[in-house]
Amino acid sequence: MQRLYQARDRIEAQLLLDFLDRHRLEAVILGDYLSGAAGGLPADIGPTLWVVEDDELERGRTLLGRFQADARRPSSAATWHCAGCGESVDGDFDLCWNCGEARDETGS
Ligand SMILES: [Zn+2]
């Protein structure tokens with residue numbers, strides 16, 4: 001088993017796992033059970049993606065590159081409206097360019 005990628009959070013890890021699965025690459029998520037279980041852990045310990053078959057690691061890295069390129073594509077992110085000032089903000093940004101308010105994740 002080979003370590004492929006340290007994910008930012010559980011959601012990113014799951015998205016990547018689904019992506020690899022669609023390309024018939026067997027991978028597992030390790031470590032996500034740590035977060036939340038013992039509240040005192042640093043926030044930067046995210047789940048880690050592992051490629052099950054050692055000789056699939058190269059293919060895993062190639063797919064990872066495509067996954068990250070897809071995630072950066074602007075069309076994939078919807079515009080959101082700032083709760084603080086009402087400006088519309090490009091979906092690539094998590095903070096309002098106008099007033100600095102963070103995106104309200106619970107909003108529509
Ligand atoms: Zn704003």
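**Exercise 1: the metal site**

Which accessibility class does cysteine 99 fall into?

*Solution.* Cysteine 99 has a relative accessibility of 41% and is therefore counted as partly exposed, given that buried means under 20% relative accessible area, exposed over 50%, and partly exposed in between (1.4 Å probe, protein chains only). The model is a predicted one, in which local features need pLDDT of at least 70 and side-chain atom pairs count only at pLDDT 80 or more, whereas totals for chains, interfaces and linings use all residues. Residues are numbered from 1 along each chain as its sequence is written, and side-chain values use heavy atoms, with hydrogens and water left out.

Which residues are the protein donors of the zinc ion, and why is their arrangement called tetrahedral?

*Solution.* Step one is to find the donors, which are N, O and S atoms within 2.8 Å of the metal (3.2 Å for Na, K and Ca); water is not among the atoms, so sites may look incomplete. The SG atoms of Cys82, Cys85, Cys96 and Cys99 are the protein donors, and they lie 2.3 Å from the zinc ion. Step two is to read the angles: the 4 donor atoms subtend 104 to 116 degrees around the zinc ion, and the arrangement is therefore tetrahedral, a class in which all angles among four donors lie between 85 and 135 degrees. The ideal angle for four tetrahedral donors is 109.5 degrees. Cysteine 82, in the loop between β4 (80–81) and β5 (88–89), and cysteine 99, in the segment after β5, are 17 residues apart, and the pair links distant parts of the chain; strands (E, at least two residues) and helices (H or I, at least four) are DSSP runs numbered from the N terminus. Cysteine 82 is buried, with a relative accessible area of 5%.

**Exercise 2: the sheet and its helix**

In what order do the 3 strands of the open sheet lie, and how does helix α1 run relative to β2?

*Solution.* Begin with the chain as a whole, which has 2 helices and 5 strands and follows the pattern β-α-β-β-α-β-β along the sequence. The open sheet has the order β1-β3-β2 with antiparallel pairing, two strands being paired if DSSP finds at least two bridges between them. Its edge strands, each pairing on one side only, are β1 (2–6) and β2 (27–30), and the twist from one strand to the next averages 30 degrees.

Next, follow the bridges. β1 and β3 are joined by 4 bridges, with tyrosine 5 standing opposite leucine 49 and glutamine 6 opposite threonine 48. β2 and β3 likewise pair over 4 bridges in the antiparallel sense; here isoleucine 29 stands opposite leucine 49, and valine 28 has tryptophan 50 as its bridge partner.

Finally, consider the helix: α1 (residues 10–22) lies across β1, β2 and β3 and runs at about 170 degrees to β2, where axes are lines fitted to C-alpha atoms, for helices over the stretch in contact, and angles run from 0 to 180 degrees between N-to-C directions.

**Exercise 3: the surroundings of tyrosine 5**

Which residues does tyrosine 5 touch, not counting those up to four places away in sequence?

*Solution.* Tyrosine 5 is in strand β1 and, at 18% relative accessibility, counts as buried. A contact means heavy atoms within 4.5 Å, and on that basis tyrosine 5 touches Glu12, Leu16, Pro47, Thr48, Leu49, Leu64 and Gln68. With glutamate 12 there is a side-chain polar contact of 3.0 Å (a pair of N or O atoms within 3.5 Å; within protein, one must be able to donate a hydrogen and the other to accept it, and residues adjacent in sequence count only if both atoms are side-chain atoms). Leucine 64 is 59 residues away along the chain, yet the C-alpha atoms of tyrosine 5 and leucine 64 are separated by 8.2 Å.

Notes: Tetrahedral: all angles 85-135°; square planar, octahedral: opposite > 155°, others 65-115°.
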